[in-house]
Amino acid sequence: ATGDDPLRDRLAASLKNLEATVETQRKALESIKAENATLKGQVDKLADAPEPEPAAEYVTVNGKKQLKFKVNRNLRHNKIAADYLAGDHRVLAAGETIDVDSVIQEFGDLIDYVKLDMIRDIFQGFETAKYLTWKREIHSYKATRSLITSVIQQFVPKFTPLGTPSFVPLTIPLRRFKINVLITPADVKDWIFSMYDESKDLDQHPVTLYIVNQLIAPKAEEDLDDICANGVFEELDWSAVNEGDQGQDPLKSIDGFMTILKKDKALGEESRLMNYIELAAEITAENVIDQVNLFVDSIDKKYKRREMPVFIDPTLYRMYKRAYKKLFGEGSGTEKTEFGSDVIDYSKNRLVPMYNMTDSGAMFTTPKENFIGLRHINEPGATKLTLRKYDYDIHCLGEFRFGIGFAIAGAVFYSVPDAVVVESGSGGVGV
């Protein structure tokens, strides 16, 4: 019996207590393991879930919804602007030069928010843009099929697709463009004055937005509209260009659609790919209506049912409208019909003056899906815009890609004179 040996009794009691302690520790360890497993599951779940972001705030500026920027008001140019807007004009009145370092810092923080809007505004803002069908590529675009003219035919139990396999697809290159703009401390002062005059605040109108919307985009739109029509591509020899040299003529950046038409005409009657329509050697107020009618009558019958615009030199357009008014004037009954509008009589074509065709003496038409504007497939990555300090000024450096042309040669109808002479007061446009 254990009671006969006190030492054995004490050892047995100690062992029992030890076993109880081990069991308690084992249960505690199991509990900790279970808690760790739960916590690990929660961590994994949180790691997979996107981190919550504060909702973006938007403001309306000049009738346009835009992101409300959180500008760093501690930056030097923003502190000067804030003081000026609050009525303290002493810094600018003293003629102090604004340090552009802080402008460069803010530009780097905010440009990604406005860069793509800028490119989108440029591509949508130039006049020709709304008449183009936009495609996206990396290097160039080439049509892979002809324009569909028919899909219905008599049944036969075999696949016999319609269409002309001999269509001529044209290659439209995607050219690389750059933006170089000089920004001075005076431009930064103008930004401050514009906020004051238009009662805007820093979050509505940071200097980055001013640089993009006021100093870059408007001129870029104007340049692009001229280039897309009248550009004549000339490969630039980079080895002959030095830092600070005078920039290349923008018109050497790409072949515009007028250049494409002129090059096709120069191939000669036997080699032309597009449809050249020969009109009078000189178009005058006396024959302009007949010449426009002749142009429309010469369009291939497959395209006569399409409502294709006839893009025309604005000089010819004014001549046509004045001649039409003189011929049919008020009281002739034409006010009750479509006569006198931009729709050419008895056709589905309407005249569209393109100001980048001014004094060219030209007109052309093609289906909208055949008039191609080309942008880079990875526009965010292919579009760059940065600032660099140079002495007291800023150099704005940008890149983007653009192309323009026609997809199928046989769907283009045009008349382009060899050379145009416009004599003031003569009322004539001719060769």
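What you have is a predicted model, in which local features need pLDDT of at least 70 and side-chain atom pairs count only at pLDDT 80 or more, while totals for chains, interfaces and linings use all residues. Residues are numbered from 1 along each chain as its sequence is written, and side-chain values use heavy atoms, with hydrogens and water left out.

**The whole chain**

The chain holds 10 helices and 17 strands; these are DSSP runs numbered from the N terminus, with helices (H or I) of at least four residues and strands (E) of at least two. Of its 431 residues, 38% are buried, and buried here means under 20% relative accessible area, with exposed being over 50% and partly exposed in between (1.4 Å probe, protein chains only). Take the contacts (heavy atoms within 4.5 Å) between residues at least 6 apart in sequence: 78% of them join residues at least 24 apart. The accessible surface is about 26,200 Å², and carbon and sulfur atoms account for 51% of that. Those areas come from the Shrake-Rupley method with a 1.4 Å probe, and for residues only the protein chains shown count as cover.

**A five-stranded sheet**

An open sheet of five strands runs in the order E7-E15-E11-E9-E10, with mixed pairing. Strand E7 (275-276) and strand E10 (350-353) sit at the edges with a single partner strand each, so one side of each has no neighbour in the sheet. Two strands count as paired if DSSP finds at least two bridges between them. Strand E9 (residues 309-312) and E10 run parallel and are joined by four bridges, and Pro309 stands opposite Arg350 in E10.

Helices pack here too. Helix H9 (residues 314-328) touches E9, E10 and E11, its direction making about 135 degrees with that of E10. Helix H7 (residues 257-266) lies across E7, strand E11 (363-365) and strand E15 (413-415), at about 85 degrees to E15. For these angles, axes are lines fitted to C-alpha atoms (for helices, over the stretch in contact), and values run from 0 to 180 degrees between N-to-C directions.

**A nonpolar patch**

Leu15, Leu18 and Val22 make a nonpolar surface patch of about 290 Å², and Val22 belongs to helix H1 (residues 6-48). Patch residues have over 30% relative accessible area and no salt bridge; like charges are joined within 9 Å, and nonpolar side chains (Val, Leu, Ile, Met, Phe, Trp, Tyr) within 5 Å.

**Salt bridges**

A salt bridge is a side-chain nitrogen of Lys or Arg within 4 Å of a carboxyl oxygen of Asp or Glu. That rule gives 12 salt bridges, including these:

| Pair | N to O distance |
|---|---|
| Lys389 and Asp101 | 3.2 Å |
| Lys263 and Asp255 | 2.7 Å |
| Asp342 and Lys321 | 3.1 Å |

Lys389 in strand E13 (residues 384-390) and Asp101 in helix H4 (residues 101-125) are 288 residues apart, linking distant parts of the chain. Lys389 is partly exposed at 39% relative accessibility, and Asp101 is partly exposed at 39%. Lys263 counts as partly exposed too, at 45%.

The bridge from Asp342, in the loop between H9 and E10, to Lys321 in helix H9 spans 21 residues. Asp342 is partly exposed at 26%, and Lys321 is partly exposed at 24%.
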